[in-house]
Amino acid sequence: MSLLVVGLSHRTAPVGVLERAALTGETPTRLLHDAAASATVAEAALVNTCNRIELYADVDKFHAGVAELSQLLAARSGVDLEELTPHLYVHYEDRAVHHLFSVACGLDSMVVGEGQILGQLRDALAKAQDEHTAGRGLNELFQQALRVGKRAHSETGIDRAGQSLVTFGLEQVAAGAGEIAGKRALVVGAGSMSSLAAATLARAGVHDLLIANRTAVRAERLAEILGGGARTLDFAKVPEALADVDLVVSCTGAAGTVISATEVAAAIAQRTAAAPLAFLDLAMPRDVDHAVHGLPGALLVDLESLSHAHAATPGAGDVDAVSRIVADEVTAFGQAQRAARIAPTVVALRSMASDVVAGELGRLESRLPDLDERSRAEIAQTVRRVVDKLLHAPTVKVKQLAAEPGGASYAEALRELFDLDPAAVQAVSGTPVGSQAGMSIPAGGIPAAQSGTAPTGAAR
């Protein structure tokens, strides 16, 4: 597998660009199928969250893969490629694996160490599996990333301050509008982020909790799970309910604004509470009109303001420990992948040796037809033992060497030395033999790759 990731996130793109590029509705599924249908792509998976969009693909050509995936991202997001390119990053092979493992551990999150990303990666893999765009390579990669993420959280203290985005956002709300406990809250949406917000609010001791969702049955299911006085609200009644609550958390995945500044202004005019009417908008694109920031009596915390806030981060020791885990796991994964690439060559070699033994034993039988069964069996066993011993050392050694960077050349040498038929090797593996070293291109480094020249800034 030649792994390529092309994406943008809160680290490389301003919130305004992320908002315009946000993939909603059926667009993520269409993008996934577009990528998988590309001539350069064998497998594809999409990580699509409120602050990152990343396409992972098994590609046969680096430059063509970068160009194709970048163009698909631009086309499906609706942001011109020329505008999107400076915010895109590209990682290839080992660097792509390192990036995914870092993401799984929460090292690349807006709130370092948060564990919600593991669920989002699990959802991304499940989606690719359901849409039949992920094969063995991406399945193994994402499963390993999930294991690495769990290991980081179990073996280090990174999640001591690894809040979810919801928790961090509610801390910012509390700083500006007072304690969450005792407030009347409305959660708009019933997806994974909204469900987490509702559960967090319930644990925080809100006085009253309303849940509104376009699909009422999902809101009812969430309210039933939460219990403890959680109630549902007709989605159409959200504007009029604003005057009766103290806090609104919204994350619907809608393509446009759900709560307007006019509706918020009207609600504020009806309120008697001294504390501001608070909004935590975790949607991308945003659910709450950006103009609410300028309304007296309102407090809006959204992804843009969260990106400027400083979350409590784990200690340097914990981050270093997780970084070491990621580095070790990337090395181990790379060695396993490189060793697996030579396995078809070894199998083909042993198959050829078996055919040679069978042929020679057949000729022996034709020349010595009167040889008794016991002698024939003894000769056959001896010949096979000799061949096995001759092949043992080189095959064991080549597996060890193949696990190192550049190990593919040893497989090639083995094929040349024993004159193995390339078709026989490919028949064993089902995929072409060979790989390239990893590289990364930061945001703004893509045009060279699209032009077909060596990418500037590529790290090996």
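1. F101 is buried, at a relative accessible area of 0% (buried means under 20%, exposed over 50%, partly exposed in between, with a 1.4 Å probe and protein chains only). F333 is buried too, with 11%.

2. This is a predicted model, in which local features need pLDDT of at least 70, side-chain atom pairs count only at pLDDT 80 or more, and totals for chains, interfaces and linings use all residues. Residues are numbered from 1 along each chain as its sequence is written, and side-chain values use heavy atoms, with hydrogens and water left out.

3. The whole structure holds three aromatic pairs (rings of Phe, Tyr and Trp, the last by its six-membered ring, pair if their centres lie within 6.5 Å; planes under 30 degrees apart count as stacked, over 60 as edge-to-face and the rest as tilted). One of them joins F62 and Y92, a tilted pair with 4.8 Å between centres and 55 degrees between planes. F62 belongs to helix α3 (residues 62–77) and Y92 to strand β4, 30 residues apart, and the pair links distant parts of the chain (helices, H or I of at least four residues, and strands, E of at least two, are DSSP runs numbered from the N terminus).

4. Because F101 lies in helix α5 and F333 in helix α14 (residues 316–367), the pair ties together parts that are 232 residues apart in sequence.

5. The largest nonpolar core has 66 residues, of which L4, L8, L69, L165, L201, V249 and L282 touch the most other members (a nonpolar core is a set of buried Ala, Val, Leu, Ile, Met, Phe, Trp, Tyr and Cys residues joined through side-chain atoms within 4.5 Å). There is also a second, separate core of 34 residues, with Y56, L100, L125 and I158 among them. Beyond its neighbours within four places in sequence, L201 is in contact with L170, I180, A185, V187, V206, L209, L247 and V249 (contact means heavy atoms within 4.5 Å).

6. Two or more lining residues come from each of α2 (27–37), β2 (41–49), β3 (52–59), α6 (116–130) and α9 (192–204); α6 gives the most, with five. By class, the lining has 16 nonpolar, 16 polar and six charged residues (Ala, Val, Leu, Ile, Met, Phe, Trp, Tyr, Cys and Pro count as nonpolar, Asp, Glu, Lys and Arg as charged, and the others, Gly among them, as polar).

7. Some backbone points are worth checking in the viewer. The M284 to P285 peptide bond is cis, with omega near 5 degrees, and P285 lies in the loop between β9 (277–281) and β10 (298–302).

8. E93, a residue other than glycine, has a positive phi near 50 degrees. E93 is placed in the loop between β4 (89–92) and α5 (94–104) and is buried at 7% relative accessible area. H132, also not a glycine, has a positive phi near 60 degrees; H132 lies in the loop between α6 and α7 (136–155) and counts as exposed at 71%.
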